[in-house]
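Subject: A structure for you to look at

Hi there,

I am passing a structure on to you, and I hope you enjoy exploring it.

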Amino acid sequence: AAKGRGGAALPAAPCPVLVGEILEVEVAEEEDQPEKVSWAPSEVREVLPSGRFVACVNGDEDFLEEYGPEDEHKEWRKVADQKAAKIAYAKAYETAKEKAAATLAEEVAAAEEAARLQVEAEARAAAEAEAGSGTDAAEDGSKAECGSEGGSEAPQPKKRKVTASGAAPRPPPGVLAPHKFGFGMAVEVAGENEGYEHSWYSAEVLKVAAKLLVRYDSLFEEDSRRPLTESLDPARLRPVPPNPPNGWLKGATAGQPMELQHDDGWWEVELVAVADGEDVASATHLTVKGVDGLWDGAEVVVDPALLRPGWQWNGKAQSWATRGADAGKSKPRGGGRGRGRGGHGGRSGGAAGAVQGI
């Protein structure tokens, strides 16, 4: 940031565009040929305090890009005829929407085909197993016949055991049915790939089958701006947790499980200490660390506003609880880390910049 007399930061220059204004943005025509570029109609969606702005490029809701005044005539340019520009943008928006719908249809069709092939494979395996058992039964019958011809009596089939009802035992009434996820449901997905352990990322259910097809809200295909879709076991999903109850931090103890908003996801952490303040409820910053060696066991200082309870979903009871309700019997250590008030910035750059020290 520019500095004025005495080292004070100068205010950011006013943004040169307005929300809703249509600009033209330079885009590559082909991903594998970045030298081929064209100018695409784009709508200003947000003006940032820094003087920069966010634009939706070429009507594609998944293509939101940030620009600054210094990029004018390089990456973006103004359009004098706003009426014509809005018409061009509307056409681009409809084209992008149709393309996104076609892509989604292809993904759903691919997931359905994969599910169909899996069902067929399982049916073939079951048929082969049944054919094998039939052969064994025939052989056993042949042996029994041979035995009876030799004068031995064939074994009698065993009678089934039944209860007083005359049937085999059944589950008692009131059995809790497992939670079922439906199309369009907002969910969170447990991370299991390397680097994503102990994280939860939000997604939407696109297809319900033996496995669920989901589309992430903030995870993307590498080298692509398209949201990532995955076919997942339902055990890795949970509904979106409820909002934290008022005053949930009051009385929090060291070791208490929590979740930290970071990199557009929620990460499982536990409370370590009060970093700045008299107690947990009044602290302006808290010290936490990731569970099971997450982030190499580093302790990090965070804004309490980026924390929520360490939620645990019970799919059978269809209810929420907090992980390790008895965790953390000791009081979090107070301050003493050489970090006074003003030693940390506030929330800056969103959740991605929330963790200090990583």
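Below is what was found in it, topic by topic.

**Overall picture**

Please keep in mind that this is a predicted model. The chain has an average pLDDT of 80, and 77% of its residues score at least 70. Two stretches call for some care. Over residues 1–10 the pLDDT stays under 50, and the model has seven contacts beyond four places in sequence for them. Residues 326–331 also have a pLDDT that stays under 50, and for these the model has 14 contacts beyond four places in sequence.

How many helices and strands does the chain have? There is one helix, together with 17 strands. The chain has 358 residues, and 31% of them count as buried. If you take the contacts between residues at least 6 apart in sequence, 52% of them join residues at least 24 apart.

**Salt bridges**

Start with Glu-21 and Lys-78, which form a salt bridge with their closest N and O atoms 2.8 Å apart. This pair links distant parts of the chain, since Glu-21 sits in the segment before strand E1 (22–30) and Lys-78 in strand E5 (residues 76–78), 57 residues apart. Is Glu-21 buried or exposed? Glu-21 counts as buried because its relative accessibility is 14%, which is under the 20% cut-off.

Next, find Arg-45 and Glu-61, whose side chains meet in a salt bridge at 2.9 Å, N to O. Arg-45 belongs to strand E2 (residues 33–47), while Glu-61 is in the loop between strand E3 (53–57) and strand E4 (64–67), so the pair ties together parts that are 16 residues apart in sequence. Arg-45 is partly exposed, at a relative accessible area of 31%, and Glu-61 also counts as partly exposed, at 37%.

Then move to helix H1 (residues 82–149), which holds both Glu-113 and Arg-116. These two form a salt bridge, with 2.5 Å between the closest N and O atoms. They are three residues apart, about one turn of the helix. Glu-113 is partly exposed, with a relative accessible area of 35%, and Arg-116 is partly exposed as well, with 38%.

Salt bridges can also join up into a group. Which residues are linked in a network of salt bridges? They are Glu-188, Arg-238, Glu-259, Arg-308 and Arg-323.

**The second largest pocket**

Helix H1 comes up again here. The second largest pocket holds about 420 Å³ of space. Its lining is made of 20 residues, and Asp-62, Ala-100, Arg-215, Arg-226 and Pro-227 lie nearest its centre. The elements giving two or more residues to this lining are H1, strand E8 (212–220) and strand E9 (227–232). H1 gives the most, with eight residues. Sorted by class, the lining has eight nonpolar, three polar and nine charged residues.

**Residues in loops**

Asp-292 has a phi near 50 degrees, a positive value in a residue other than glycine. You will find Asp-292 in the loop between strand E13 (285–290) and strand E14 (299–302). With a relative accessibility of 69%, Asp-292 counts as exposed.

Gln-318 also has a positive phi, about 55 degrees, although it is not a glycine. Gln-318 lies in the loop between strand E16 (311–314) and strand E17 (319–322), and it counts as partly exposed at 44% relative accessibility.

Ala-252 is in the loop between strand E10 (237–239) and strand E11 (257–262). Ala-252 is buried, with a relative accessible area of 7%. How far apart in space are Ala-252 and Asp-279? They are 9.4 Å apart, C-alpha to C-alpha, and 27 residues apart in sequence.

Happy exploring, and best wishes

Terms used. Residues are numbered from 1 along each chain as its sequence is written. Side-chain values use heavy atoms; hydrogens and water are left out. A salt bridge is a side-chain nitrogen of Lys or Arg within 4 Å of a carboxyl oxygen of Asp or Glu. Helices (H or I, at least four residues) and strands (E, at least two) are DSSP runs, numbered from the N terminus. Buried means under 20% relative accessible area, exposed over 50%, partly exposed in between (1.4 Å probe, protein chains only). pLDDT is the predictor's confidence in each residue, from 0 to 100. Contact means heavy atoms within 4.5 Å. On a 1 Å grid over the protein atoms alone, a cavity is a set of points where a 1.4 Å probe fits but cannot get out, and a pocket is an open set with protein on both sides within 12 Å along at least five of seven lines; lining residues have an atom within 4 Å of a point. Grid points are joined across faces, edges and corners, and a volume is the space filled by probe spheres set on the points. Ala, Val, Leu, Ile, Met, Phe, Trp, Tyr, Cys and Pro count as nonpolar, Asp, Glu, Lys and Arg as charged, and the others, Gly among them, as polar.
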